[in-house]
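Please keep the sequence and the model in view while reading.

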Amino acid sequence: MAETKSAWESVGGNNGDRIGGNANKFSYTDKDGKTHTLQVDCGTMFSDKELTGYDNFMPDLFEADGFLLTHCHMDHIGGISHMLNLRRDELKANREAGKEFVIHCAPYTQKLLEDNLALQKMPREEWPKFEKVEDGKPFEVAGFKVEPFAVSHSAPDAMGFVIESPDGVRMMTMGDFKTAPVPLGKGWDNKKIAEIAKKGVDLMFLDSTSATQEGVCPPEKDVEKGIKDIVAQSEGGMIVSAVIASSAHRLHTVAMALAKHANETGKRPRTIILDGGSLKRSYIALKRCGYDIEKQVKQATGQDIKIYDARAPEAQKVPKSERFYVCTGTQGEELASFYRASQGTNRNIPMKGGCPVFVYNLQSCIPGNEEQYAAMEQGFKDQGCTTYFPDRYKENKYLTHVSGHAKAGDIKLACDLVAKNSPRPTTVVPVHGDPAQRKAVMKIAQDAGLKAAIVPNFAAVEVSKEGKISYVQPTSKQEVWIGINDKNDNFIEPDFQYDRVTRDVDTGRLRVVETIPYTKAPVEDERRGKGKNKEGKWNNPPKKNKGKNKGGRFNPAFVKKGRGGR
């Protein structure tokens with residue numbers, strides 16, 4: 001009989017100089033030597049295709065008996081559609097044997113993932129079965145007891161989990177978090193974290209992304225003043241802005257700022273006009289999850305804020321000086337709305353025509369993307385626009401963006417709550433950050449009286465049922481990733497090739513190990529159930545303007561209900 005043990009391994013996410021590709025393996029090995037595994041998240045990692053030859057990278061595949069998601073950002077869910085592609089035959093055989101692939105996640109995360117699966121042309125019958133995760137409602141999966149708890153982040157419905165193995169070992173992952181209140185849904189709750197800690201925490205995994213920054217991460221509400229300030233200084237002109245589509249709190253913030261500015265000035269509030277498919281789908285997902293921004297703003301301010309699709313006739317009737325465009329593409333993605341506007345090629349946004357144009361990016365630059373970010377701003381300047389792009393590391397004139405990632409003060413609060421309440425010795429493992437950021441978390445944890453350890457990718461932390469902790473270091477300096485290459489370079493009709501590659505930790509050099517074979521799905525438009533004929537043309541092409549009522553307003557009622565969720 002073998003000794004039982006619980007373990008955690010970072011399969012992606014602890015990236016020395018990059019962001020993304022998050023995936024975590026939680027496991028329990030019983031006395032018969034059988035291992036039960038939970039996977040938490042499966043994200044993609046940004047890539048410069050000109051340098052690497054790949055659109056994205058995702059963590060290597062591993063077997064898991066259960067699947068949990070912390071939140072809806074692509075660096076945590078973007079790999080799932082590709083995993084389903086690569087395991088198509090295996091999962092089909094499982095379904096035929098009565099074994100569904102199940103994902104446990106919160107409703108907003110589910111809706112955004114379903115949108116991603118539809119865009120990737122994943123057939124409906126191959127979609128996972130979803131089990132709803134709610135704050136404070138424990139459940140069991142694969143022999144583990146899972147206790148979900150709400151955290152604050154830049155996306156609604158963000159969750160952390162305490163994963164308790166059959167041995168009673170309790171491992172707490174915060175996911176991406178901060179401690180400030182959020183405008184949509186539940187967020188961080190000191191009392192709840194303390195109550196969870198009182199049950200004991202052996203390992204705690206903490207987001208490190210902003211750990212080198214002092215203080216606490218400001219609440220989303222603080223952005224309201226910055227938005228009001230830019231509206232005031234943009235009088236007489238059209239405003240064009242950009243957000244990350246899944247960071248839906250920012251839509252609420254913009255709407256509240258416009259309403260409060262109208263109350264303070266006595267003027268009619270600007271109209272919000274959305275451009276970019278992912279942003280429109282995010283807005284519909286909010287409605288379907290019960291987050292009605294217009295209703296909330298009306299109740300809070302008395303103002304009627306209108307939100308239209310950029311292509312709706314009603315949007316075109318709004319005077320340009322009263323428009324507040326919100327676009328996708330904060331980081332200069334070439335096909336996104338904001339980038340096309342910067343090049344003057346977005347037909348939905350009139351950049352010329354006698355009205356001054358003020359451009360504001362409501363998201364700071366993601367590290368590693370500085371050149372593309374600056375080039376996009378220059379594109380707007382070349383068209384004569386007044387621009388404002390916030391800096392991630394310096395004090396800005398207007399507060400138009402707050403991070404969703406814990407700063408040093410947030411991390412200290414989390415560590416203090418666990419240190420004061422956990423009856424067990426707790427070891428903190430910093431994740432999702434570069435070496436300096438993870439070292440900062442380590443020091444904060446140690447100052448709070450907790451143990452801490454830096455664990456690289458592909459290393460493991462093992463915990464015995466007596467709470468003894470040991471570390472298993474990787475045997476090689478070659479990380480293993482899956483390179484994702486869309487050979488068509490067209491997200492409408494993608495043709496994916498997947499390579500298993502190694503990355504040298506010291507040099508960053510990539511080497512292709514193998515091209516992974518997989519069975520491709522039939523070419524169909526799964527969003528509308530329309531297929532193509534032998535000539536490659538659509539049978540019964542979809543009608544235009546589905547999803548909007550006569551006034552051009554978004555109407556979530558057109559979305560089909562059921563497991564498909566669209």
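Between domain 1 and domain 2 there are zero salt bridges, a salt bridge being a side-chain nitrogen of Lys or Arg within 4 Å of a carboxyl oxygen of Asp or Glu. This is a predicted model, in which local features need pLDDT of at least 70 and side-chain atom pairs count only at pLDDT 80 or more, while totals for chains, interfaces and linings use all residues. Residues are numbered from 1 along each chain as its sequence is written, and side-chain values use heavy atoms, with hydrogens and water left out.

**The two domains**

- The protein chain is divided into domain 1 (5-216 + 403-472) and domain 2 (222-388), with bounds that come from an automatic or database domain assignment.
- The C-alpha centres of domain 1 and domain 2 lie 32 Å apart.

**Where they meet**

- Contact (heavy atoms within 4.5 Å) links 18 residues of domain 1 with 15 residues of domain 2.
- On the side of domain 1 that touches domain 2, helix H5 (residues 107-119) gives the largest share, six residues, helices being DSSP runs of H or I with at least four residues, numbered from the N terminus.

**Phe-57**

- Phe-57 is located in strand E5 (residues 56-59), a strand being a DSSP run of E with at least two residues.
- Phe-57 is buried, at a relative accessible area of 6%, where buried means under 20% (1.4 Å probe, protein chains only).
- Leaving aside neighbours within four places in sequence, Phe-57 is in contact with residues including Gly-43, Trp-481 and Leu-510.

Notes
Buried means under 20% relative accessible area, exposed over 50%, partly exposed in between (1.4 Å probe, protein chains only).
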